[in-house]
Amino acid sequence: MTDFELIQEILSGNLTLFRQLLERHQAQVFRTCIGFVHHKEDADDLTQEVFIQAYQSLASFKGDSEFSTWLYRIAVNRALNYTRERQKKSIFDRLDSFFTGEKAVQSFSDGATEENPEQQLIHNEEREMIAKALEKLPEKQRVAIVLSKYDDMSQREIANVLNTTEGAVEALLQRAKTTLRKELLHLYRRHKHQ
Amino acid sequence: MNCTTCQKHLDAYFDGTLSPDLKSQVEAHLAACKACSEWYARWPVVEQVMNEEKSTFSNPFLATRIMVQLEEMQSKTYVPAHVFAKQPVFRPVTVMFIVGVAISLGVLLGNLYRPLQVHPSHSTELLYLDDAAIEPISFYEAK
Ligand SMILES: [Zn+2]
């Protein structure tokens with residue numbers, strides 16, 4: 001069954017078929033999510049939210065684009081909302097940790113790699129800086145780089161998701177890399193001076 | 001070659017798809033520019049970190065979790081958990097509301113209290129008489 005046929009079946013009341021749709025696209029959505037949140041459990045939660053929303057608005061999918069493109073759009077919107085919320089929340093967390101003495105640090109490495117501890121340690125700092133730099137990118141640039149690097153999408157596919165032209169995506173990616181470079185070099189330098 | 005042009009060609013440089021002319025220009029710039037050479041050294045690490053994150057797998061029970069939530073939503077008793085869990089403001093607001101209600105209820109109940117009014121014709125001592133302890137007058141009228 002194609003995605004579209006599956007969706008017709010689900011809409012006519014066969015909920016169990018949604019599982020097939022899930023299994024086809026779950027990995028893809030998860031990769032997008034982790035590209036935005038850099039944390040496994042958070043990416044799981046976000047993936048769940050994306051599919052729940054997809055199910056709730058399934059009737060609005062008319063099939064004039066690929067289902068995966070439609071799903072990517074939901075994932076991108078959800079992920080951006082999520083990171084906006086988190087940025088707001090992190091201000092409170094910092095205040096909170098100031099009073100409780102707790103460290104409000106997000107883990108970027110949960111179960112991601114199995115290396116020796118020393119390597120892991122260097123890696124975690126590196127990871128944290130990279131995640132931080134990615135999070136500082138303006139939203140459009142961030143979306144372009146996540147779709148390109150985490151989902152291996154071509155510029156044409158990204159342009160489809162973002163409803164823009166290939167040229168615009170190319171420019172966006174170029175700018176994203178420049179911003180990322182500036183931000184990372186800045187973080188590296190600050191790190192070295194600590 | 002300036003930094004922007006150098007950056008632009010770095011991807012191709014890594015892939016080894018740059019023309020020999022551009023390649024030597026990029027190399028000349030890298031040798032002369034500290035920022036670009038630092039970036040050149042760092043970029044593979046960035047790519048590696050992204051690749052590692054990308055090859056993480058979701059929780060094997062995630063699909064089941066989602067299906068369970070959807071089934072719960074279909075049966076009408078469903079209350080979305082995120083209404084309570086995902087709104088950090090919700091809990092403090094609720095707590096403040098409950099505290100507010102409790103305080104105003106206390107004030108209201110307190111104001112309803114009136115001290116017992118004793119009719120001026122009775123002395124206050126009369127109030128302490130225990131009626132049950134008074135012996136019936138007939139007791140003394142025996143025989
Ligand atoms: Zn340079």
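**Reading salt bridges, an interface and a core**

Analyst: Take one pair to begin with: the side chains of B:Glu47 and A:Lys149 form a salt bridge, with N and O 3.2 Å apart. A salt bridge here is a side-chain nitrogen of Lys or Arg within 4 Å of a carboxyl oxygen of Asp or Glu. This is a predicted model, in which local features need pLDDT of at least 70 and side-chain atom pairs count only at pLDDT 80 or more, while totals for chains, interfaces and linings use all residues. Residues are numbered from 1 along each chain as its sequence is written, chains are lettered from A and ligands numbered from 1 in the order in which they are written, and side-chain values use heavy atoms, with hydrogens and water left out.

User: Which residues of chain A are linked in a network of salt bridges?

Analyst: The network links A:Asp42, A:Arg86 and A:Glu135. Within it, A:Glu135 and A:Arg86 have their closest N and O atoms 2.7 Å apart. A:Glu135 lies in helix α5 (residues 117-136) and A:Arg86 in helix α4 of chain A, so the pair ties together parts 49 residues apart in sequence. A:Arg86 is buried, at 17% relative accessible area.

User: How should I read the size of an interface?

Analyst: The size of an interface is often given as the accessible area lost when the parts come together. Here chain B and chain A bury about 4,000 Å² between them, 60% of it on carbon and sulfur atoms; buried area is the accessible area (1.4 Å probe) that two parts lose on being put together, summed over both. In chain B, the residues that lose the most area to chain A are B:Met50, B:Glu53 and B:Lys54, together 16% of what that side buries.

User: How many residues of chain B are in contact with chain A?

Analyst: Contact means heavy atoms within 4.5 Å. By that rule, 34 residues of chain B touch 42 residues of chain A.

User: What is the largest nonpolar core?

Analyst: In soluble globular proteins, nonpolar side chains tend to be buried together. A nonpolar core is a set of buried Ala, Val, Leu, Ile, Met, Phe, Trp, Tyr and Cys residues joined through side-chain atoms within 4.5 Å. The largest one has 77 residues, and those with the most contacts inside it are A:Phe18, A:Leu184 and B:Leu70. Helix α4 (residues 67-100) of chain A gives the largest share, ten residues. Leaving aside neighbours within four places in sequence, A:Leu184 is in contact with A:Met129, A:Ile130, A:Ala133, B:Trp39 and B:Val46.

Key. Buried means under 20% relative accessible area, exposed over 50%, partly exposed in between (1.4 Å probe, protein chains only). Helices (H or I, at least four residues) and strands (E, at least two) are DSSP runs, numbered from the N terminus.
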